[in-house]
Amino acid sequence: MKFNKDVIQLKERYLDSVPYEFVLKSAKHFLGKEQIQITPVNRPWNPGGGSQLFIANSESNSCFIKAKHKSILVESALESENEFISVSSLENERNFLNKLSYSHHIPKLLGFQEYDDYLFLAVEVLSPFSTIHRLNPVQIIKSFELLYSFVRELYDMNIIHTDIHEKNVCFREDLTPVIIDFEEARYKKQNVPFECSLDVKGQCEGDDVGNFPIFNNSDIPGFTCMNRLKKVFNSIIKDKLPEYIAKCNFDNSSSFNLDTEQQPDERIYQSINLPDFTIQGQRPINDKRYEQVNDILLYAHSILGRPLHVVDLGSNMGMFSFFCADNAQTASIVGLEGDPRYVEAAKILSFYNDSDKVIFVEYATGIVPYSWKTDVLLMLSVYHHVSDKDAFLQELGASNITCILGEFATQERYYPQRGNVYAEIEYIKKVLNFKHAQQISITSDYQRPMIAFHNGQSESIYSFNKVVATTTEKALNWLKNNTHQTGGILIHSKAHESYPEVTGYIIPTLIDYGMKDFALELGQWLLTKQQPNGGFLGAGSNKVFLFDVGQVLRGLLALSDTSKLIRTGAERVMHCLYNGMLDGGKTGFIRQYDNYGNGIIPEGIMLYTLPPFIEAARKFEFPQYIEAAEKCIDFYMAGERFLDKKTLLHFLSYEIEAMIDLGRCSDVLDILSFFANNQNIDGTVRAYESVEWVCIPGLSQLAVCWYKAGMSAPADKAMEWLDANQSLSGGFLGSVGNGANYFPKNEPSWAVKYYLDAQRWRIRRHFDQNVDIFPTEISVSDGRFIAVANEINNNQIVVDAGCGRGRFLKKLLEKYPNSYYTGVDLSEKMLENLSNKIKGVQGTLENIPLPDNYADVVFSVEAIEHSVNISGAISEIARICKPGGKIVIIDKQESEWGRFVCPPWERWPERNMLEAIMSQYCISVKSMVVEYGHPANNDQLMVKWVGIKEKEFTRRFHNA
């Protein structure tokens, strides 16, 4: 919002200046000539709207009076408005109250008077927002829904209130919610969906309603809009939930419970396990059934190749419905429940959890027809309570279901028609025409079989993925699954818009992990979002944030050799950043965070824009830009909040990593040591100095900084905790723990980015630290060496991808001295052991810094097992191999997995799968078991894959 300075001055001048006799005179006009008592009302804050507030009471009536000098016009304007509204603000409110007089959700206008130069507006007396504490959760949600519906009406009428918050919400005696204070309302058509409009979101199309003023720690920050107001409603619901939920143990009293022998239990049935709210029920909090649900969703998604429609039969409190809603594979979830009390409870939790994919419906066989689109049906411990199973299965038969996951009670009394549970399972399979009914587990608490019904080619739903995905693979898949259909990485797991900033700095991460085509697609999308000044808008904003611009530069710079367009885009970003510097960098960048986000973001995070800026200035030859950057560094280091431990760890880590990347690691060693010394036993670090909760992106960033500074021990501990706290989706919540308030219910995309960065450093430091345990010799009689040597001749260019300390290259050099050898490895310390006759190149299997079509033979021995992206590694190996050249892979095979203790990122390739990947680039791909060791071990552990590169292969990344 913009504010009229002249009106602000007038407001302060006339504050509390209304003559009492005018107040009394207006009250008598509104209420009649009876005896009247006038009571001043304190403003919510000073100066507030500038009005003086009174309650006038007569013997028979009362009213609420707002009084203000008529020179005080509407003081605000939206950023897109050219002029301020030249109407007295009280008159503006009167006009809107008249316009909206049909609605129950505005104050009833009782009168409007003018005496001398003062205006008086009278409305009905309403109860303050604190009345909401008298409501139960159902009533609270109903109130919010009524307000939301009314705000939609305003939107349809092209009206914007601009100031929606709890101080402007009141209640009538019948508890109808009312929005007050239309002094700054205006007419404006918004060319965005309602969900993205100003009164809902707070920012859109460059306009900004402004932040709620924070006066104490209990106030909730954010824009004065419905999205923030919902957080306020949720904070009130949260206090009431424990008592409400504790009463939801309806199992024994439910008419749909057919278990006549069930013993009473005071607990609710499902455990409630939301990010910031947990109640232990009969079923465990860390319910292992979540894993089976996740597996069935992955399977159905692999079959259908599109987002899934899921039905949760017997949804109870809705916890599996909420789990599915957080899964990237799902489009919609319907929770069906027979007991209306459970439906009510689930709807409350859905409101509290912002689960917009989920609806809950009261349903019982024979009463309501089954009519929901269903790809996946969950029947978790409910089928045995279905009274007419034949009728229910007949309804399901018309639904074209891809798969069903069922948990079945085993007592024979539930299955009188078929006699026992396994006969019932076979009957379901037959009636619904499924090929397979696979038992995938038995529940640990009730010892009930979990059955997957499906029509796959294999009997097992796991045939497509025998080895459990690593945390790294799941994180990379999260990025794929959270890419907007029009391009760009989503802000978080529940968002509907892309985030240029995160999209930018994820690109180098993707390149490092071998996902170069994906990275290029994101870079090309970024070019479509570049503004005329070279910058990029913040997420959901019409404002260019220079920090975001700097992160986009990281991505475009990493891609700048792929095309002239991207190089030009990167140069324009660099110029935009330079133009945003003040006094040639002496006083940093234009201030953007001092008054943004209630000041929690320090301006010092701008240091994080400087490493890519300096790199770009060197590459594009702008030495004066480098000088300006150095001045910026000095400015931010001298700032009061530089490396302030009271800063959220996420933002503080931006400063720390920037200093390391700028070659000033010594300046951050003390704070890195502080965090290491104050690290919790479980590996976590407090989000702030004074809280107990954990900021997950910040912890990953801190791990990156520790690794870069050579402090691997605390970083390894942090990574172990992060591994254990990864969501099944592959993402990470923004924060966890008591009081967590940084994206506690969503998985922000930058949490995945920094976990992946930390994982890459973790692997690198692992090999650096353990270099001495890797052998420097290989016997020429070892079957692995023979298998490689047989594919090589003299006078060839040979590359060992993942060479370690160079033992294979050493012996090959002796056998074929006229060939030219290059060893590639992640660890610089490994490469230090290479002969001076062998070229050493630091790089990953997924990102080898060698030219296209470089080598006659590329081989890799027991390195693919450490690849975080095997398809990307084989593609990269094929890229550097000449057409007609040979690719040789020797590694342990998946069927032997489990023989050794392995680091958490290691996975052994499946024999046929690796053949198939190589066949994309090679002809005559063959695999065979090889002997290994000396003396020889002749078992099935080691396999050799060899293929001849079919034709010239240049990745799109290198030829864009």
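Leaving aside anything up to four places away in sequence, Ile-656 touches Leu-643, Val-668, Ile-671, Leu-672, Phe-675 and Cys-705. Keep in mind that what we have here is a predicted model.

So where does Ile-656 belong? It sits in the largest nonpolar core, which has 119 residues, and together with Leu-610 and Leu-672 it touches the most other members. Which helix gives the most to this core? That's helix 23, residues 749-769, with 10 residues. There is also a second, separate core of 81 residues, and among its members are Phe-96, Tyr-299, Ala-325 and Val-376. As background for anyone new to this, nonpolar side chains in soluble globular proteins tend to be buried together.

Now, helix pairs. When two helices pack, we describe them by the angle between their axes and the distance between those axes.

Have a look at helix 21, residues 696-708, and helix 22, residues 712-724. Their axes come within 8 Å and cross at roughly 150°. What does that make them? Angles over 145 degrees count as roughly antiparallel, so helix 21 and helix 22 are roughly antiparallel to each other. Their crossing is left-handed.

Who meets whom there? From helix 21 we get Ile-696, Leu-699, Ser-700, Ala-703, Trp-706 and Tyr-707, and they meet a set in helix 22 that includes Pro-714, Met-719, Trp-721 and Leu-722. Sorted by class, this contact has 11 nonpolar, 2 polar and 1 charged residues.

The second pair is helix 15, residues 546-558, with helix 17, residues 610-619. Here too the axes come within 8 Å, but the crossing angle is roughly 45°. Roughly parallel would need an angle under 35 degrees, so helix 15 and helix 17 end up as oblique to each other. The crossing of helix 15 past helix 17 is left-handed.

On the helix 15 side, the residues are Gly-550, Leu-553, Arg-554 and Leu-557, and they meet Pro-611, Pro-612, Phe-613, Glu-615, Ala-616 and Lys-619 in helix 17. By class, that gives 6 nonpolar, 1 polar and 3 charged residues.

Okay, on to the loops. Is Gly-535 buried or exposed? Its relative accessible area is 0%, so it's buried. Gly-535 touches Lys-529, Gln-530, Val-544, Val-549 and Cys-576, again not counting residues up to four places away in sequence.

For Gln-457, look in the loop between strand 22 (449-454) and helix 12 (471-481). Gln-457 has a relative accessible area of 85%, so it's exposed. Its C-alpha atom is 9.3 Å from that of His-436, which is 21 residues away along the chain.

Last bit: backbone angles. Most residues other than glycine have a negative phi. Asp-181 isn't a glycine, yet its phi is positive, about 60°. You'll find Asp-181 in the loop between strand 10 (177-179) and strand 11 (186-187). The cut-off for buried is under 20%, so Asp-181, at 19% relative accessibility, counts as buried.

Asn-795 also has a positive phi, near 65°. Its loop runs between helix 24 (783-789) and strand 25 (797-801). Asn-795 is exposed, with a relative accessible area of 61%. That's me done, thanks!

Technical notes: Residues are numbered from 1 along each chain as its sequence is written. This is a predicted model: local features need pLDDT of at least 70, side-chain atom pairs count only at pLDDT 80 or more; totals for chains, interfaces and linings use all residues. Side-chain values use heavy atoms; hydrogens and water are left out. Axes are lines fitted to C-alpha atoms, for helices over the stretch in contact, and angles run from 0 to 180 degrees between N-to-C directions. Helices (H or I, at least four residues) and strands (E, at least two) are DSSP runs, numbered from the N terminus. Angles under 35 degrees count as roughly parallel, over 145 as roughly antiparallel, 65 to 115 as roughly perpendicular and the rest as oblique. A crossing is left-handed if the near helix is turned anticlockwise from the far one by less than a right angle, and right-handed if clockwise. Contact means heavy atoms within 4.5 Å. Ala, Val, Leu, Ile, Met, Phe, Trp, Tyr, Cys and Pro count as nonpolar, Asp, Glu, Lys and Arg as charged, and the others, Gly among them, as polar. A nonpolar core is a set of buried Ala, Val, Leu, Ile, Met, Phe, Trp, Tyr and Cys residues joined through side-chain atoms within 4.5 Å. Buried means under 20% relative accessible area, exposed over 50%, partly exposed in between (1.4 Å probe, protein chains only).
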